[in-house]
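Let's take a look at how charged side chains pair up in a protein. Have the sequence and the 3D view open as you read.

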Amino acid sequence: MSALVARTGRHQQRYEGGHRLVSGCIPFKYTNLIENSDGTHEKVVEVLMINSTSGPGLVFPKGGWENDETVEEAAIREAVEEAGVRGDIMDFLGHYFFKSKTLQDELSPEGLCKAAMFPLLVKEELQFWPEQNTRQRSWLTIPEALGLCRHQWMKEALEAFSRWYADQMLSNPKKENHVISPDTSAHQD
């Protein structure tokens with residue numbers, strides 16, 4: 001049984017301009033290297049998606065950004081709670097706007113949300129995690145994930161991830177991944 005417990009409720013939820021602030025991530029890992037015809041090797045990246053609890057399709061871990069954490073800490077927390085993975089936030093992919101059909105409240109009566117999304121390099125897959133009874137994990141290639149992604153805004157975030165990853169490989173294919181500190185506040189605008 002998991003000793004971790006998912007946060008619930010809205011008493012610490014952040015809002016801005018009628019939008020509920022959300023933080024999420026695209027968990028990823030490297031799988032076996034592929035040898036190209038010229039003898040070079042290529043890293044293969046897979047992303048982790050989870051089933052949606054509100055309908056068909058797959059999603060990335062995301063949830064409310066709360067007052068007692070940075071936006072990066074919220075993304076890491078959601079990865080643990082929903083997908084059962086721990087890792088390092090690598091960069092900032094951007095803000096994505098969407099309308100929640102199920103989560104309207106007095107501070108966001110239309111269910112408007114603004115999500116900050118990050119790539120998260122997975123270092124550990126947990127055997128037990130808070131939402132394991134309602135979530136199933138799926139490791140997918142980027143093209144597979146694009147085809148199964150439930151929400152258009154998440155497809156756009158995945159496309160941004162794909163561009164970010166390609167830029168990382170082009171800029172220096174042998175460099176180690178650089179981690180941004182989860183205590184930065186650069187994205188708390």
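What follows is a short tour of the salt bridges in this predicted model.

## The overall count

How many salt bridges does a search of the whole structure find? The search turns up 9 of them. We'll visit a few here, starting with a pair of neighbours.

The side chains of R77 and E78 come together in a salt bridge, with 2.9 Å from N to O. Are these two buried or exposed? E78 has a relative accessible area of 4%, so it counts as buried. R77 is buried too, at 13%.

## R135 and E131

Next up is a salt bridge between the side chains of R135 and E131, where N and O are 3.1 Å apart. R135 is buried, because its relative accessible area of 10% falls under 20%. E131 has a relative accessibility of 17%, so it also counts as buried.

## R137 and E125

Now find R137 and E125, whose side chains form a salt bridge with an N to O distance of 3.9 Å. Which parts of the chain does this pair link? R137 sits in strand β9 (residues 137–140) and E125 in strand β8 (residues 112–125), so the pair links distant parts of the chain, 12 residues apart.

What about burial here? R137 is partly exposed, with a relative accessible area of 26%. E125 counts as partly exposed as well, at 40% relative accessibility. Both values lie between the cut-offs of 20% and 50%, which is why neither residue is called buried or exposed.

Definitions and conventions: Residues numbered from 1 in each chain as written. Predicted model: local features only at pLDDT ≥ 70, side-chain atom pairs only at ≥ 80, totals over all residues. Heavy atoms only, no water. Salt bridge = Lys/Arg side-chain N within 4 Å of Asp/Glu carboxyl O. Buried < 20%, exposed > 50% of the residue type's maximum accessible area, 1.4 Å probe, protein only. Helix = DSSP H or I, 4+ residues; strand = E, 2+ residues; numbered from the N terminus.
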